[in-house]
Amino acid sequence: MDLNADLGEGFGIWRLGDDEALLSLVTSANVACGFHGGDPSTMRRVCEGAARRGVAVGAQVGYRDLAGFGRRHIAYDFAELRDEVTYQLGALDAFCRLFRTRVRYLKPHGALYHAASTDESQAAAVVAAVSGYNPELPVLCLPGSTLAQLAVGAGLPVVAEAFADRAYLPNGALVPRGTPGAVITDPEQVAERAARMATERSVVAVDGTVIPCSVDSICVHGDTPGAVSAAELVRATLIDAGVTVTPFA
């Protein structure tokens with residue numbers, strides 16, 4: 001099982017999350033590319049740290065919305081979103097090359113992640129960007145989503161992802177942020193959910209419904225309170241359960 005986290009989301013003198021600590025725990029790093037968070041120096045620092053530790057680097061592409069941290073929906077034109085995703089991919093890949101590595105996958109961030117899960121135009125723009133840049137680049141996304149379906153149709157590798165620190169609705173979608181209980185901060189609960197995802201291939205929704213959850217990567221958000229403690233416990237719990245923690249890419 002792959003363990004991923006969102007990293008490099010600070011900006012300038014502002015730091016968000018503990019990138020160094022998380023890089024020692026995760027196997028894949030979703031690195032902000034400067035649109036929803038991150039900046040060139042932060043991107044360079046995280047890429048260097050990931051390369052040094054053998055952590056796979058993924059481009060976490062988002063809306064051009066630093067003030068809203070990419071969590072506000074933007075109604076993009078297809079071509080504009082395609083080009084902005086391509087721009088972010090290329091920027092992060094440049095820093096990867098400095099340290100003899102490369103971008104190994106793409107994952108949308110925040111509102112783009114959710115929009116591409118259901119909006120065919122935005123999902124198609126992401127797929128077009130990846131296909132044009134590198135048709136062998138995997139897309140990390142919600143299983144069964146519109147993005148997953150279009151990516152498969154375009155011949156792109158798709159990697160299914162689950163969130164150990166987010167609550168699920170009975171239909172398999174994430175509980176919207178801002179809703180009480182949408183983000184799970186108790187490390188023990190996060191670790192328990194991750195272990196169930198990896199060994200039983202299921203997750204319990206907010207109403208008690210057991211949802212099938214056949215995934216290859218589990219995410220722990222780097223900006224969630226107690227993210228490092230949660231990631232430590234998740235990794236230890238997975239290993240104790242006999243799960244090999246390794247990058248999918």
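Where does H221 lie in the protein? H221 is placed in the loop between strand 9 (217-219) and helix 8 (227-240); helices (H or I, at least four residues) and strands (E, at least two) are DSSP runs, numbered from the N terminus. The structure is a predicted model, in which local features need pLDDT of at least 70 and side-chain atom pairs count only at pLDDT 80 or more, while totals for chains, interfaces and linings use all residues. Residues are numbered from 1 along each chain as its sequence is written, and side-chain values use heavy atoms, with hydrogens and water left out.

The protein contains eight helices and nine strands. Its C-alpha atoms fill a box of roughly 40 × 35 × 35 Å along the principal axes. Of the 249 residues, 53% are buried, where buried means under 20% relative accessible area, exposed over 50%, and partly exposed in between (1.4 Å probe, protein chains only). The protein exposes about 10,300 Å², and carbon and sulfur atoms supply 52% of this area. Accessible areas come from the Shrake-Rupley method with a 1.4 Å probe; for residues, only the protein chains shown count as cover. Among contacts (heavy atoms within 4.5 Å) with a separation of 6 or more, 71% are between residues 24 or more positions apart.

H221 counts as buried because its relative accessibility is 6%. Leaving aside residues up to four places away in sequence, H221 touches D6, F163, D165, R166, R177 and A227. V31, found in strand 2, has 1% relative accessibility and therefore counts as buried. With the neighbours up to four places away in sequence again not counted, V31 touches L7, V46, V57, G58, A59, Q60 and L92. V31 and A194 are 163 residues apart in sequence, and their C-alpha atoms are 21 Å apart in space.

The structure holds 12 salt bridges, each defined as a side-chain nitrogen of Lys or Arg within 4 Å of a carboxyl oxygen of Asp or Glu. One of them joins R53 and E20, with the closest N and O atoms 3.0 Å apart. Because R53 lies in helix 2 and E20 in helix 1, the pair ties together parts that are 33 residues apart in sequence. R53 counts as partly exposed at 34% relative accessibility, and E20 is partly exposed, also at 34%. In another salt bridge, between D65 and R72, the closest N and O atoms are 2.5 Å apart. D65 is buried, with a relative accessible area of 7%, whereas R72 is partly exposed at 46%. R82 and D83 form a further salt bridge, with 2.9 Å between the closest N and O atoms. Here R82 is partly exposed at 29% relative accessibility, and D83 is partly exposed at 42%.

Four aromatic pairs are found in a search of the whole structure. Rings of Phe, Tyr and Trp (its six-membered ring) pair if their centres lie within 6.5 Å; planes under 30 degrees apart count as stacked, over 60 as edge-to-face and the rest as tilted. F35 and Y87 form a tilted pair, at 5.7 Å centre to centre and with 40 degrees between the planes. The pair links distant parts of the chain, 52 residues apart: F35 is in the loop between strand 2 (28-32) and helix 2 (40-53), and Y87 is in helix 3 (residues 78-98). F35 is buried at 11% relative accessibility, whereas Y87 is exposed at 56%.

Positive phi values occur at F69 and R100, neither of which is a glycine. F69, in the loop between strand 3 (56-61) and helix 3, has a phi of about 55 degrees and is buried, with a relative accessible area of 15%. R100, in the loop between helix 3 and strand 4 (103-108), has a phi near 55 degrees but is exposed at 83% relative accessibility.
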